[in-house]
Amino acid sequence: MLIVRKRRLPETPDGPDTIDEIAMKKPAKDPVREERIENEAIVDAYGQEEKAMSWYYYLEGKLTSPFQARCTTARITSPLRKGEIVEVRGLPPEDACAQDMLVRIKWQGRKMAVPLSQLVAIDLDESTAEAIGDWNYRVSQGYLF
């Protein structure tokens, strides 16, 4: 039997209150999305580098920017705080996306790249919403390149 106890974490701005909030729940498998990812996003891609580039070109072809997005999670590698709204301007150069899919944003008068999985888009066209949903689904399933 597994016993899970809630433990308070040190206070951090916009951070989780308990260990339970850190663990992301893995959604149920979505066969339609899985098939689309396999047949459109990473078709004929083998190895980490090919899968990263396949995802890059899949997103590049489907994202219509600019669009507004809200930060869903604070990350140590990003200046965004949970709840902040940013303007997504597109993808950075290919080589910036070798480890994670990033998007270029305009934030507080600056331009930078942040992880796409940190954002949820607001009022999107169908193609952009589907592509972002596919990437975030893939990340939530625990897949890496």
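Contact here means that heavy atoms lie within 4.5 Å of each other. The model is a predicted one, in which local features need pLDDT of at least 70 and side-chain atom pairs count only at pLDDT 80 or more, whereas totals for chains, interfaces and linings use all residues. Residues are numbered from 1 along each chain as its sequence is written, and side-chain values use heavy atoms, with hydrogens and water left out.

**View 1. Overall fold of the protein chain.** Four helices and five strands make up the secondary structure, helices (H or I, at least four residues) and strands (E, at least two) being DSSP runs numbered from the N terminus. Their order from the N terminus is α-α-α-β-β-β-β-β-α. Among contacts in the protein chain with a separation of 6 or more, 52% are between residues 24 or more positions apart. Of the 145 residues, 34% are buried, that is, under 20% relative accessible area with a 1.4 Å probe, counting protein chains only.

View 2. Arg 138 belongs to helix α4 (residues 126-140), and its relative accessible area of 7% places it in the buried class. Beyond its neighbours within four places in sequence, Arg 138 contacts Ile 37, Glu 38, Ile 42, Trp 55 and Tyr 143.

View 3. Ile 105 has Met 112 in β4 as its bridge partner. Two residues separate the strands of this hairpin, and Gln 108 in the turn has a positive phi of about 50 degrees.

Methods. Buried means under 20% relative accessible area, exposed over 50%, partly exposed in between (1.4 Å probe, protein chains only). Two strands pair if DSSP finds at least two bridges between them.
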